[in-house]
Each structure stands twice: as C-alpha cells, then as structure tokens.
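Let us take a friendly walk through a protein model, one stop at a time. Keep the sequence and the 3D view side by side as you read.

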Amino acid sequence: MNLSFHGATSASAIEGADPSPLFKLNAVSDPATDADYPRHAHNEANTARGFCHPGTATSPRMLSVQIRAPQDMRITIPCGANVGKTLRDALAPHHYSGAMGYICRGSARALQYHVIIAATEGDRPYIYGAPIRESGEATFINGTVNFGRDANGAVLLHCHGGYADTNGVLHGGHLILDETVVGAEPLVMHLCLFGQGGFVQGEDEETHYKLLQPYAGALQ
Amino acid sequence: MNALSNPSSDGLSSEHVKLESGHYGRVVVARIKPNEDLVGALEALCTTYGMQRAVVRGVLGSLVDGRLSYRAADGVRERIIKGPGVEILNVFGEVTAAAMTNSNSPTQLNAALSGTDGAVYAGRLVRGANLAFITIEATLQEWITESA
C-alpha cells in the first residue's frame, strides 16, 4: 500500500460497516438501503449525510493547481510484469513531477485490493481493511491512478480500479499496483505526465491521514 | 460551432445537431476535502480557473455514501451505495463551470463506484449527494471550443 493508511481488522469487519463510536455521522435521515427508489421519493438536499472527522476542518475546502507542460503518453505492460515496478521504471527517465492515468484494457493474473472498514482502535474511525487477493485471471473494466510524490520525491502510486473475476462478478477498490501482475492480456494505460505541479503527500489536519495534496512545484 | 443543415437519413431534422471543433487546453488537479459534493466541487474548479467546460481526465477517492441515478421505464431512479467509504473507481464526463449550470448542457458525470464489500456499481452521479469522505483527487482538462 502506497499511501499511509495503516492498520487492519478482521476480515469479518468487511461484511458490515457498523458505525464506530469514534465517529459521528451527520445524518438528517439515514439512506440506509441499497434498494433503488424513485428520485421523487427523496429530497436530495436533505438526504446526503456528512462525516465528522477527528481533526479540525480547514479552509479552503478544495485545493488545486494548474499543471505546467503536461505530456500525454500510452504504455503497454506485458504479461507477467509487475505493474507498479514497470510504471516506475518506465517513467523514471522522464523528468516529471507527477502524473495521472487510467486503465484502458488488460487483465491481471494476481492482484490485491482493499476496501474501507470501521476501525476498532486508534483515532482514525475508518481504515483500509486486510488485503483482498485475487488469484484467478482478473479482467480490468476500469482504473484510475495518480502518481504523487512523498516528501523525499519518491513516486507514490494511488490507484482505484475494478475488474471482473472468472465468474464475471465485478469487484473493485483501492488497488495495489505493486502487488498486481499482468495476466493473459497486456495492460494498456493512457498517462498524462506533469512537467510541473502535481500531488505531494502531506499530513491532513482534518482526517489525520497522510494524503496527496496539490502542489505547484517541480521535481528538483 | 456548426449547425448541420442536411436532413438525416432517418428523416429526423438535423437542425439541432451541433458539431463543435476545438482543442484541449489547461490541465488542473485538485484535492476535494471531506463533505464537499463531487459534482459541485468540479464545477467550482472550472469556475476558479475560468474554464467554461472541461473533461474529466481522472477522479479517484472515497465518498461518505454514493448515490447514482439512471433512467428506468417509470422515470429516473436512484441507487444508494451505503458507506462510509464508498470508493470512486473512475468518473467520466464533462464539467460545465458553475456559472453556466443553467445552460443547455449542465454537468452530468457518470461514475463507477465500489461499496465497502467490493461490489461495483455504475451510473450518473446525483448532484449534491456524493460527498467526499477522506479525500478525492481530480484531474480536469479544459475543452476550448473554436469559432466556426
């Protein structure tokens, strides 16, 4: 896992996201079911619930930066290759401050992902759960990746993606590209490299996570 | 922008077909903080940078709850994906600056989400109902329409 989401609880916790006493949901009404319902049955303005994190909310509520010298690229990663390592190695010769990309096609013969679960300890009410590993052929249906930097300039890969398993069942979550091995179909991704500007990891006062934050600088 | 004047082969009028020529412009990245609505935040991002329209290059992050809509035989229906911690796998679509949301092409974004059990859902993001949970990272690229 490349972002600093620490800790894990038992796999059984994945089954239910019971609210932890450590957090407070600001629910006007609980949109509790997964059942579909007519739009007119709900007042949109009243049903979206917020979440109160353990830290102080800071303004502005959105941080942004304009990217300088973006460069579009396409990469094909061959069967058997580790996706994370291949991406880092292939882009290393390019002087880029950050990048983003998305999965166009391909499959994996091994991958690992995480879903968010309620924490049982610590001051973070929700954490990433134990790894969920797919050992059968996984056909990618989508995926988005950000290439951030840590404080030392090392590349951090943050990827969310979805795939179909060998029974056609869809799965998705926080995908660990360093644990993802390309399967029978080469993996094709479109990338946008940033000449200047991007995301750098930093402490977030509100959530108490280290998160990728926009920054305007260039790689030194 | 050109309005095509030739009638289409199916007999429908093509007067309202608009074919735009243009090009992609600036790239902007953003982090959206907790409890901010995804659609509204992306519109505000366009406004901040003076971009009338932008395409989504990539969005990932998490939502308190996800709410997606789709058209059914009996009208528009919605599906709630209960969180907290619904993951955004990707988002497709174009964003119109907040000041232009009363135009003929308001922002409509489609997304693939995964629930806390890893199940995958897709549909249209309901405005005001997809609030950031821990963080959302977004990349937009400006679409610049060229004059006819």
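E121(A) is exposed, with a relative accessible area of 64%; here buried means under 20% relative accessible area, exposed over 50%, and partly exposed in between, using a 1.4 Å probe and protein chains only. You will find E121(A) in the loop between strand 8 (116–118) and strand 9 (126–128) of chain A. Helices (H or I, at least four residues) and strands (E, at least two) are DSSP runs, numbered from the N terminus. Now look from E121(A) to R61(A): these residues are 60 apart along the chain, and their C-alpha atoms are separated by 28 Å.

A word on how to read all this: this is a predicted model, in which local features need pLDDT of at least 70 and side-chain atom pairs count only at pLDDT 80 or more, while totals for chains, interfaces and linings use all residues. Residues are numbered from 1 along each chain as its sequence is written, chains are lettered from A and ligands numbered from 1 in the order in which they are written, and side-chain values use heavy atoms, with hydrogens and water left out.

Let us stay with R61(A) for a moment. R61(A) is buried, with a relative accessible area of 19%. Its side chain meets that of E36(B) in a salt bridge (3.7 Å, N to O), a term for a side-chain nitrogen of Lys or Arg within 4 Å of a carboxyl oxygen of Asp or Glu. This pair crosses between chains: E36(B) sits in the loop between strand 3 and helix 1 (38–48) of chain B, and R61(A) in the loop between strand 3 and strand 4 of chain A. E36(B) counts as partly exposed, at 27% relative accessibility.

What could bring such residues together? Side chains of opposite charge can pair when their charged atoms come close.

Within chain A, D178(A) and R88(A) also form a salt bridge through their side chains (2.7 Å, N to O). D178(A) lies in the loop between strand 13 (170–175) and strand 14 (181–182) of chain A, and R88(A) in helix 2 (residues 83–91) of chain A, so the pair ties together parts that are 90 residues apart in sequence. D178(A) is partly exposed at 26% relative accessibility, and R88(A) is partly exposed with a relative accessible area of 24%. There is also a network: salt bridges that share partners link R61(A), E206(A) and E36(B).

Next, find D65(B). Is D65(B) buried or exposed? D65(B) is buried, with a relative accessible area of 7%. The side chains of D65(B) and R49(A) meet in a salt bridge (2.4 Å, N to O). D65(B) lies in the loop between strand 4 (53–63) and strand 5 (66–72) of chain B, while R49(A) lies in the loop between helix 1 (44–47) and strand 3 (50–52) of chain A, so the pair joins two chains. R49(A) is buried too. The side chain of D65(B) also reaches the backbone nitrogen of G83(B) at 2.8 Å.

Now step back to the whole interface. How many residues of chain A are in contact with chain B? The answer is 70 residues of chain A, in contact with 60 residues of chain B, where contact means heavy atoms within 4.5 Å. The size of an interface is often given as the accessible area lost when the parts come together. Between chain A and chain B, the buried area is about 5,300 Å², with carbon and sulfur atoms giving 54%; this is the accessible area (1.4 Å probe) that two parts lose on being put together, summed over both.

Four salt bridges are counted between chain A and chain B, and one of them joins the side chains of D72(A) and R57(B) (2.9 Å, N to O). On the side of chain A that touches chain B, strand 4 (residues 62–67) of chain A gives the most, with six residues. Strand 4 of chain A runs antiparallel to strand 3 (residues 22–32) of chain B, joined by six bridges; two strands pair if DSSP finds at least two bridges between them.

Finally, chain B has one helix and 10 strands, and buried residues make up 55% of its 148 residues.

Note on methods:
A polar contact is a pair of N or O atoms within 3.5 Å; within protein, one must be able to donate a hydrogen and the other to accept it, and residues adjacent in sequence count only if both atoms are side-chain atoms.
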